Amino acid sequence: MQRVTVCLPARSTTYEIGIAAGLLSQLGENVRGCLGSPARRVVIISNPRVFDLFGTKAVRNLRASGFEVSKWLMKDGERYKNLRSLEQALNFFIEAGLERNDAVVALGGGVVGDLAGFAAATYLRGVDFIQIPTTLLAQIDSSVGGKTGTNLSGGKNLVGAFHQPRLVVIDTDTLRTLPRRELTAGWCEAVKQGAVGDRKLFDRTVRLIRSIDSSLGGDRARGARKKLELQTEVYATELAATIAAHCRFKASIVAGDEREAIDREDRRSRRILNFGHTAAHALEAVTRYRRFRHGEAVGHGMLMAGALSKNLGMLASGELELLREAVAACGPLPRANDIDVSALMRAMKSDKKSVGGRIKWVLLERIGSARIVDGNEIDALALRAALRESLRDTS
Ligand SMILES: NC(=O)c1ccc[n+]([C@@H]2O[C@H](COP(=O)([O-])OP(=O)(O)OC[C@H]3O[C@@H](n4cnc5c(N)ncnc54)[C@H](O)[C@@H]3O)[C@@H](O)[C@H]2O)c1
Ligand SMILES: [Zn+2]
């Protein structure tokens with residue numbers, strides 16, 4: 001098993017992320033080891049699709065370690081990450097008799113993890129929380145770092161809390177049933193972490209994506225239908241090790257900037273993880289959140305930020321090419337060449353996450369090295385040209 005320890009000096013807290021194929025079969029003992037004997041009860045939050053796949057195993061395993069287990073299933077989909085679901089979850093905790101020593105377990109992707117984490121953060125002013133992420137995106141990104149929350153009708157992730165899990169259990173076998181598009185979205189976020197983190201992580205990620213792709217026969221048409229099939233031990237081992245490397249990277253950033261301080265703009269600030277996200281959020285907004293999985297939009301968004309970096313003379317063409325190849329390896333992305341550049345620029349300006357109405361762009365100096373640049377310092381023509389170039393390339 002791969003282990004990553006997340007240290008949060010500001011809270012004098014640490015927790016473990018365990019990563020291995022088949023780890024769900026040790027769930028009970030790991031949760032008991034982490035929570036100790038006072039915990040009697042856990043509530044699993046999941047959705048019907050994920051619970052059908054892994055719920056029985058998780059429940060059986062937790063019961064074998066002496067927990068009373070109940071489950072609350074939210075509807076599947078981003079639009080159910082809302083206050084209504086939160087309220088239903090909290091009311092369920094009361095019905096289930098969840099007490100201060102007990103815990104909430106999130107079994108699912110980022111939607112379930114964010115909602116369950118926020119419910120755990122607020123119920124009785126905070127109970128323990130365990131993450132079992134089952135999408136690639138959740139395994140490398142959303143389950144690490146303690147950001148929890150829900151959407152509001154006015155925008156995504158506008159309400160929430162920092163609530164770190166006590167334990168993260170990553171069973172890489174869960175990825176076998178993940179639809180191809182979800183896998184592509186996860187790989188895009190992995191490429192992002194490599195691009196802003198370090199070149200070794202980037203290269204390792206791209207190598208793994210390519211090797212898995214060739215194990216699928218390298219045929220894109222067929223690959224689009226097939227799921228992740230890790231035929232050999234080698235892939236399984238490398239997959240777990242690469243996911244661990246991503247968790248380690250994200251954990252190291254979070255450790256130094258847990259709450260994403262607004263005034264931080266250095267290379268180790270949490271904000272660098274937003275590479276590709278300024279354009280991605282705009283792409284998602286102009287297509288009304290219907291066309292792209294978030295990670296797919298990040299795939300396009302990284303190429304836009306990369307093209308902008310190049311146009312501003314920061315990034316060499318060869319490096320942008322590497323980024324393009326990496327994004328292409330992640331899998332096919334929905335087209336974006338019909339999207340209007342002006343609409344995209346307007347959507348960027350109204351992004352709720354801008355600070356004081358100003359956009360902070362995360363740009364690249366080279367693969368593995370990001371720089372945060374104030375939107376005011378970016379020439380509108382250079383931006384327009386970068387967006388146009390990148391959109392044109394997405395057929
Ligand atoms: N908290 C953070 O730091 C953070 C970071 C990034 C993203 N997020 C949030 O994460 C969410 C996106 O998460 P996501 O991409 O995991 O999407 P998701 O949770 O919607 O999962 C995607 C789909 O895959 C299904 N699924 C999950 N696991 C499966 C499995 N093993 N096999 C088959 N199907 C499976 C789900 O039911 C869902 O239909 C967004 O709400 C985003 O805001 C949070
Ligand atoms: Zn993202």
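Begin by colouring the chain in its two parts, domain 1 (2-177) and domain 2 (180-392), whose bounds come from an automatic or database domain assignment. This is a predicted model, in which local features need pLDDT of at least 70 and side-chain atom pairs count only at pLDDT 80 or more, while totals for chains, interfaces and linings use all residues. Residues are numbered from 1 along each chain as its sequence is written, and chains are lettered from A and ligands numbered from 1 in the order in which they are written.

**Between the domains**

The centres of domain 1 and domain 2, taken over C-alpha atoms, are separated by 26 Å. If you select the residues that touch across the boundary, you will have 29 residues of domain 1 in contact with 28 residues of domain 2, where contact means that the C-beta atoms of two residues, placed from the backbone, lie within 7 Å. On the side of domain 1, at least two residues each are supplied by β1, β2, α5 (136-142) and β8 (155-162); these helices (H or I, at least four residues) and strands (E, at least two) are DSSP runs, numbered from the N terminus. That side of domain 1 has 18 nonpolar, eight polar and three charged residues, with Ala, Val, Leu, Ile, Met, Phe, Trp, Tyr, Cys and Pro counted as nonpolar, Asp, Glu, Lys and Arg as charged, and the others, Gly among them, as polar.

**The seven-stranded sheet**

Next, show the strands of the open sheet, which follow one another in the order β1-β2-β9-β6-β5-β3-β4 with mixed pairing; two strands pair if DSSP finds at least two bridges between them. At its edges lie β1 (2-8) and β4 (68-73), each of which pairs on one side only. Neighbouring strands are turned by 20° against each other on average, direction ignored, where axes are lines fitted to C-alpha atoms, for helices over the stretch in contact, and angles run from 0 to 180 degrees between N-to-C directions.

Start at β1, which pairs with β2 in the antiparallel sense over seven bridges, and find Q2 opposite I19 in β2. The hairpin of these two strands has four residues between them, and S12 takes a positive phi near 45° there. Moving on, β2 and β9 pair in the parallel sense over five bridges, with G18 opposite V169 in β9.

Helix α9 (residues 233-256) lies across β1, β2 and β9 and runs at about 5° to β1.

**Another hairpin**

Select strand β7 (residues 147-152) together with β8, which pair in the antiparallel sense over five bridges and form a hairpin with two residues between them. The bridge partner of T150 is V159 in β8.

**A pair of helices**

Finally, select helix α6 (residues 180-197) and helix α12 (residues 317-330), whose axes come within 8 Å and cross at roughly 155°. That makes α6 roughly antiparallel to α12, a description used for angles over 145 degrees, whereas those under 35 count as roughly parallel, 65 to 115 as roughly perpendicular and the rest as oblique. Showing side chains, you will find T184, W187, C188, V191 and A195 in α6 meeting L323, A326, V327 and C330 in α12. The residues of this contact divide into eight nonpolar, one polar and no charged.
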